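User: I'm new to this one and would like to go through it piece by piece. Can you show it to me, and then tell me what stands behind each label you use?

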Amino acid sequence: MSIQEELGTSSTAKLSIQNVSKLYRGARQTVSALEDINMEVADGEFVCLLGASGCGKSTLLNLIAGLEKPTEGSIYTDGQPITGPGRQRMVMFQDHALFPWLDVMGNVLFGLNLKPGLTQADRRELAMFYLKLVGLEKFSHANVHELSGGMKQRVALARALAPNPQVLLMDEPFAALDAMTREQLYADLQNIQQKRRKTVVFVTHNVREAVCLGDRVILFTPRPGRIHTEYKIDLPRPRDINDVEVAQVARTITNDLKLHTTSASV
Ligand SMILES: Nc1ncnc2c1ncn2[C@@H]1O[C@H](COP(=O)(O)OP(=O)(O)OP(=O)(O)O)[C@@H](O)[C@H]1O
């Protein structure tokens, strides 16, 4: 594969989640984490999964990633059943999970090293392209411990984007950051999404964050997690989390959410 093909936007991914339930069977109890989930994610769509702690958001993300298997039902990408992890579905977690023994460039190269058909020079060029995209081109030789929390998450984002996956799965990636850093990352992520157009599934329990980022927000009920309501967010982009319109839509969703739980944040 040429570097030009690598840098092209991949654009045929679509997720289909059909009748998915997930039970965790323990020695003493069985937890029903998800029950009869049906949803589709269109190619290039940014979908936020929203709900209180324990409603199964991360479980669904792990099922889409292929890290776990549903107890019932199936998940398809481009019509093919997901049977395990794959390079077309990259995951980014709340904890950056960077390798401390590698520098910034080494971390971004990590996923690229597994890709066949690229020279080492191609890989370095691609890694630098993604470091530029997240605004860290001057930090390619920095060690992980020298970076702020926000910078670490930027490196994690560059590392997830570098293999050019069709689907990006993000599990509360900004939850541990301070408000100002988070706001900058909301702007950057929207900018990156405009340029690289991925199919994104983003887990959060922050209503405003979901409205700020999502094309669609899917609200889950608490255990067992079921889809309660879907909201199409038709606000213009780029959005700022402090926009009045974002706050208004968030207020509507929060009122719905309060009917089911008190532990989500606005
Ligand atoms: N490996 C596991 N073994 C047993 N139970 C689990 C496991 N993983 C998750 N659960 C249970 O499944 C339910 C859903 O958990 P999950 O982490 O998916 O929720 P969540 O909505 O992502 O929560 P949070 O917002 O707190 O991360 C919870 O009751 C949790 O305790």
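User: Why is helix α2 (residues 57-65) said to be largely enclosed by the rest of the structure?

Analyst: First, a word on the ground rules. This is a predicted model, in which local features need pLDDT of at least 70 and side-chain atom pairs count only at pLDDT 80 or more, while totals for chains, interfaces and linings use all residues. Residues are numbered from 1 along each chain as its sequence is written. Now the term: a residue is buried if 20 or more other C-beta atoms lie within 10 Å of its own, exposed if 12 or fewer, and partly exposed in between, with C-beta atoms placed from the backbone. In α2, 7 of the 9 residues are buried, so the helix is largely enclosed. The buried residues are Lys57, Thr59, Leu60, Leu61, Leu63, Ile64 and Ala65. Just after α2 comes Gly66, with a positive phi of about 85 degrees.

User: What makes Asn164 buried or exposed?

Analyst: Asn164 has 22 other C-beta atoms within 10 Å, so it counts as buried. Asn164 sits in the loop between α5 and β7 (167-171), and its phi is near 55 degrees, a positive value in a residue other than glycine.

User: And what about Asn19, is that buried or exposed?

Analyst: Asn19 has 12 other C-beta atoms within 10 Å, so it goes down as exposed. Asn19 belongs to strand β1 (residues 15-25). Its phi is near 50 degrees, again a positive value in a residue other than glycine.

User: How do you know which stretches are helices and which are strands?

Analyst: Take strand β3, which covers residues 46-50. Of its 5 residues, 5 are buried, which makes it mostly covered. Phe46, Cys48 and Leu50 point one way from β3, and Val47 and Leu49 the other way.

User: What makes β3 and strand β8 (residues 199-204) a pair?

Analyst: Two strands pair if DSSP finds at least two bridges between them. β3 and β8 have 5 bridges, in the parallel sense, so by that cut-off they pair. Within β8, Val200 is the bridge partner of Phe46. β3 also runs parallel to β9, with 4 bridges joining them, and there Cys48 stands opposite Val217.

User: Why are β6 (89-92) and β10 (227-232) said to stand at the edges?

Analyst: The sheet is open, with 6 strands in the order β6-β7-β8-β3-β9-β10 and mixed pairing. β6 and β10 each have a single partner strand, so one side of each is left without a neighbour in the sheet. For β10, an antiparallel partner is strand β9 (residues 216-220), joined to it by 5 bridges, and Arg216 stands opposite Lys232.

User: How do you know which residues make the contact between α3 and α4?

Analyst: Two residues are in contact if their C-beta atoms, placed from the backbone, lie within 7 Å. Here that gives Val104, Met105, Val108, Leu109 and Leu112 of α3, and Arg123, Leu126, Ala127, Tyr130 and Leu131 of α4. They divide into 9 nonpolar, no polar and 1 charged (Ala, Val, Leu, Ile, Met, Phe, Trp, Tyr, Cys and Pro count as nonpolar, Asp, Glu, Lys and Arg as charged, and the others, Gly among them, as polar). α3 is mostly covered too, with 7 of its 9 residues buried, and what covers them includes α4 and α5 (149-161).

User: Where do the bounds of the two domains come from?

Analyst: They come from an automatic or database domain assignment. For this chain, the assignment gives domain 1 (3-88 + 166-258) and domain 2 (100-164). Their C-alpha centres lie 24 Å apart. Across the boundary, 15 residues of domain 1 are in contact with 14 residues of domain 2. On the domain 1 side, α6 gives the largest share, 5 residues.

Note on methods: Helices (H or I, at least four residues) and strands (E, at least two) are DSSP runs, numbered from the N terminus.
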